[in-house]
Amino acid sequence: SMGVVAIPWCLVGFSLAFGTGCPFIGDFSHAGLHGLEDAVWPGTTVPALLFVAFQMAFAIIGAAIISGAVVERMRFSAYVNFILLWSIVVYAPVCHWVWG
């Protein structure tokens, strides 16, 4: 799940979860981690890319928990497609609602 979730998280997931956007979902202001290279996350002293990696760990753990529920019940290709969509369509908006 780490290899499958990490790439979409860095491309669009973080931006959808922590972008300003609207109350339901973020925007694409940080798509591709744009503008976070040398930044400090607002309200903290934490480098923005470290914050991205920390939050990505939770997205990966969520997908790994799902893997325990579907083991030997789903083909691997179906699982990969499912967690790819789940990380963007489900996890990112819920993360925005809770922490965004």
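When two helices cross, the crossing is called left-handed if the near helix is turned anticlockwise from the far one by less than a right angle, and right-handed if it is turned clockwise. With that in mind we can turn to the chain, keeping in view that this is a predicted model.

The secondary structure of the chain comes to three helices and zero strands, and, read from the N terminus, the order of the elements is α-α-α. Along the principal axes, the C-alpha atoms occupy a box of roughly 45 × 25 × 20 Å. A compact globule of 100 residues would have a radius of gyration near 13 Å, and the chain, with 14 Å, agrees with that expectation. Of the 100 residues, 37% are buried.

How do the helices meet? Two packed helices are described by the angle between their axes and the distance between the axes. Helix α2, residues 48-70, packs with helix α3, residues 76-99, at an angle of about 135°, and their axes are 11 Å apart. Because of this angle, α2 is oblique to α3, and α2 passes α3 in a right-handed crossing. On the side of α2 the contact is made by Q55, F58, A59, G62, A63, A64, I66, S67 and V70, while α3 contributes Y79, F82, I83, W86 and Y91. Sorted by class, this contact of α2 with α3 has eleven nonpolar residues, three polar ones and no charged ones.

The pairing of α1 with α3 can be read in the same terms. Here the angle is about 30° and the axes are 9 Å apart, which means that α1 is roughly parallel to α3, since angles under 35 degrees are counted in that way. The crossing of α1 and α3 is right-handed. From α1, the residues in the contact are V4, V5, P8, W9, V12, G13, L16, A17 and F18, and from α3 they are V80, I83, L84, S87, I88, Y91, A92, C95, H96 and W99. The contact of α1 with α3 divides into 16 nonpolar, three polar and no charged residues.

Next come the loops, starting with the one between α1 and α2, where H30 has its place. H30 has a relative accessible area of 19% and is therefore buried, given that buried means under 20%. Setting aside residues up to four places away in sequence, H30 touches F14, S15, F18, G19, L36 and W41. L33 is also found in the loop between α1 and α2, and its relative accessibility of 15% makes it count as buried. The phi angle of L33 is near 60°, a positive value in a residue other than glycine.

V40 lies in the loop between α1 and α2 as well, but V40 is partly exposed, with a relative accessible area of 47%. Apart from its neighbours within four places in sequence, V40 is in contact with T45, V46, P47 and A48. The C-alpha atoms of V40 and A57 are separated by 19 Å, these two residues being 17 residues apart along the chain.

Finally, the loop between α2 and α3 holds E72. Is E72 buried or exposed? With a relative accessibility of 80%, E72 counts as exposed. Its phi is near 60°, again a positive value in a residue other than glycine.

Methods. Residues numbered from 1 in each chain as written. Predicted model: local features only at pLDDT ≥ 70, side-chain atom pairs only at ≥ 80, totals over all residues. Heavy atoms only, no water. Axes fitted to C-alpha atoms, helices over the stretch in contact; angles between N-to-C directions. Helix = DSSP H or I, 4+ residues; strand = E, 2+ residues; numbered from the N terminus. Parallel < 35°, antiparallel > 145°, perpendicular 65-115°, else oblique. Contact = heavy atoms within 4.5 Å. Nonpolar A, V, L, I, M, F, W, Y, C, P; charged D, E, K, R; others polar. Rg over C-alpha atoms; globule rule 2.2 N^0.38 Å. Buried < 20%, exposed > 50% of the residue type's maximum accessible area, 1.4 Å probe, protein only.
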